[in-house]
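Biologist: Could you walk me through this one and tell me what stands behind each label you use?
Modeller: Gladly; here it is.

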Amino acid sequence: MPNRVRSTTPSSTEKPLTGSDSIRSVHFISLGCPKNRVDTEVMLGVSQGAGFIHENDAKKAEVIVVNTCGFIDAAKEESIDTILEMARYKEEGKCQKLVVTGCLSQRYPEELANQLPEVDHFLGSSDMLKLKTVLSSTPPRMLVGNPMDYVYRSDDPRALSSKQHSVWVKIAEGCNRYCSFCAIPGIRGKQRSRPVADVVQEVSRLVASGSREINIVSQDTIAYGRDLQSKSSLEELIVALEEVHDLAWLRLFYLYPEKMTDQLIELFRQSKKLLPYVDMPLQHASNRMLRLMSRGHGGQRIYRVVERLKQEIPDACLRSAFIVGHPGETDADFDELKKFVSWAEFDHVGVFLFSKEDGTPSSVLKEQVPREVAKRRAAELMALQNDISKRKLRDYIGKTLEVMVEGLSDESDLLLEGRHRGQAPDIDGKVYLANGTAKAGDIVQAHVTDAADYDLLADIIDGGSKPRHLPIL
């Protein structure tokens, strides 16, 4: 865990903050992945149920909650820096309670408690509902529990923090895989899937409230349901969600390649709601590196999977992620990875530097790759993918795409921005829309006129379908 970099005033004796006495305010910061965002939205729902209002300005909030990420070094450092930044508002603002939650506090509870006296309470990665106790009484400082004790349910309080039309839905907690570089199973516990009916109930409620796009997320989405007594499957869940009236787009994330079944591929190909957007974090292409990473498959399998997807789902948008600099990675291994990325021509690629994580098998491997070598490889791989991305985006020019409107563009008040079916929210590029009007959540037909490195420019040519309940921009 990174050491703290400065000290501020230790926590003082606190008083219960109860919403029944007066309007109280809380500020949330959510770091890391979309799964963390869902957890933060549960805590936002908890706080609203306790009579608290959300305050956008941290300086004005009486309670500040930092939901941390503890996955890799860069995320841990960002979490520590954010906690220290928020601690300043105990002196410079109105903050009476500083609460730290999430993966970092789950992973290093005692270390954080010793190094951060400014923090009033620590909750773990599955302790969202305990926030009610923190807000309404004076519980112990350390409230980090066992992550296996909790699975999110549709009747848990949740208040959306982002635009209503596109929502993340978490279908499982934890992970049963033990990739040698990954600390997540130790932080989040083993996989616990939600029942199909429970997920359908939540999605139905969200869509009835105006959501048009549902983004399905978990640590290992393709393994959904294997841990349930009913032995449900991802395919069964998709079929059930297709029956949700007024759901327009359904998008899946984190699909491992070892179980890309015939039924799942058929659903990607034929479904009117499941988008042909296939997100597979492959991590490498070298047989030797995949064995060192304990990925459970070899390079030839991922070649076969990608080739099959391209053949059977011609309009598929493929996304993957890779790690460079893992211990033992040679120039020959990296060349094999570059060869694979060149051949696959993914629409979107993420590249990550290996992070030496406490307690993982990879952290004690010999032949650690120098950091500068790993950085050079990452830059080289991203440059290769950038050329592929630019070429593929130029192929869109002159075509008409279905685009979900997000709202006014951050670039110009004269433009709207949205995403076509192959662009995930907050992850991939955007489509900047001109010469037309639409509201957030509208699905419009747009004629592509130009392309940049990651984004497209298009003219709205048809207003398309409208949501029944339009959110406020």
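**Labels and their grounds**

Modeller: Buried residues of helix 14 are Ala 374, Arg 377, Ala 378, Leu 381, Gln 385, Asn 386, Ile 388, Ser 389 and Leu 393. Please keep in mind that this is a predicted model, where local features need pLDDT of at least 70 and side-chain atom pairs count only at pLDDT 80 or more, while totals for chains, interfaces and linings use all residues. Residues are numbered from 1 along each chain as its sequence is written, and side-chain values use heavy atoms, with hydrogens and water left out.

Biologist: Why is Cys 182 called buried?
Modeller: Buried means under 20% relative accessible area, exposed over 50%, and partly exposed in between (1.4 Å probe, protein chains only). Cys 182 has 17%, so it is buried. Cys 317, at 6%, is therefore buried as well.

Biologist: And why is Arg 291 called exposed?
Modeller: Its relative accessible area is 60%, so Arg 291 counts as exposed. Arg 291 sits in helix 11 (residues 287–292); helices (H or I, at least four residues) and strands (E, at least two) are DSSP runs, numbered from the N terminus.

Biologist: How do you know that Cys 182 is in no disulfide?
Modeller: A disulfide is a pair of cysteine sulfur atoms within 2.5 Å. For Cys 182, the nearest cysteine sulfur belongs to Cys 179 and is 6.1 Å away. The structure holds zero disulfides.

Biologist: What is the span of helix 14, and what is expected?
Modeller: The expected span is 1.5 Å times one less than the number of residues. Helix 14 (residues 371–394) has 24 residues and reaches 34 Å from first C-alpha to last, close to the expected 34 Å.

Biologist: What order do the three strands of the open sheet follow?
Modeller: The order is 11-12-13, with parallel pairing. Strand 11 (277–283) and strand 13 (348–353) each have a single partner strand, so they stand at the edges, with one side of each left without a neighbour in the sheet.

Biologist: What makes strand 12 and strand 13 a pair?
Modeller: Two strands pair if DSSP finds at least two bridges between them. Strand 12 (residues 317–324) and strand 13 have six, in the parallel sense. In one of these, Ala 321 has Gly 350 of strand 13 as its bridge partner.

Biologist: Which strands does helix 14 touch?
Modeller: Helix 14 packs on the sheet, touching strand 12 and strand 13. Contact means heavy atoms within 4.5 Å.

How values were computed:
Axes fitted to C-alpha atoms, helices over the stretch in contact; angles between N-to-C directions.
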